[in-house]
Amino acid sequence: SNCNQYLNSTHDGEPRKWRECSACNCQTEWNYLGDSYEGCAETSDWPGNSWCYVQGGSNCNQYLNSTHDGEPRKWRECSACNCQTEWDYLGDSYEGCAETSDWPGNSW
């Protein structure tokens, strides 16, 4: 994996990697310049780059301030450690960082 923060699954046969979520996680859904996006996305004004607004605002130690006047949301560039936008686990479907039935009180 290209993510240096990943952990191996504790479920036999599960090849995907995981990590706990943080204030720097992408917002699951967000709007920008009139368009809607999910998780990490490439926008028309920055082709070839993926970024997102972060869930934790200034609590994220990687945040950047918007270049648009009056925009209070914080953003960051995306990396290999980003959560999948949609994923299945133990028969259930999830979006972004989520709490699962086998680990209550934790998002990953």
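**Pockets and one buried cysteine**

The largest pocket here has a volume of about 530 Å³. This is a predicted model, where local features need pLDDT of at least 70, side-chain atom pairs count only at pLDDT 80 or more, and totals for chains, interfaces and linings use all residues. Residues are numbered from 1 along each chain as its sequence is written, and side-chain values use heavy atoms, with hydrogens and water left out.

**Largest pocket**
- Its lining takes 22 residues, with R16, K17, W18, R19 and W108 nearest the centre.
- A pocket is an open set of points on a 1 Å grid over the protein atoms alone where a 1.4 Å probe fits, with protein on both sides within 12 Å along at least five of seven lines; lining residues have an atom within 4 Å of a point.
- Strand 2 (17-18) and strand 8 (86-89) each give the lining at least two residues; strands are DSSP runs (E, at least two residues), numbered from the N terminus.
- Sorted by class, you get 10 nonpolar, 7 polar and 5 charged residues, with Asp, Glu, Lys and Arg as charged, Ala, Val, Leu, Ile, Met, Phe, Trp, Tyr, Cys and Pro as nonpolar, and the others as polar.

**Second largest pocket**
- This one holds about 180 Å³ of space.
- Among its lining residues are Y32, W46, W51, Y53 and W75.
- The lining splits into 5 nonpolar, 4 polar and 1 charged.

**C81**
- C81 sits in the loop between strand 7 (74-77) and strand 8.
- C81 counts as buried because its relative accessibility is 12%, and the cut-off for buried is under 20%.
- Leaving out residues up to four places away in sequence, C81 touches C3, N4, Q5 and R19 (heavy atoms within 4.5 Å).
- C81 and N4 are 77 residues apart in sequence, yet 7.4 Å apart in space, C-alpha to C-alpha.

Technical notes
Grid points are joined across faces, edges and corners, and a volume is the space filled by probe spheres set on the points. Helices (H or I, at least four residues) and strands (E, at least two) are DSSP runs, numbered from the N terminus. Buried means under 20% relative accessible area, exposed over 50%, partly exposed in between (1.4 Å probe, protein chains only).
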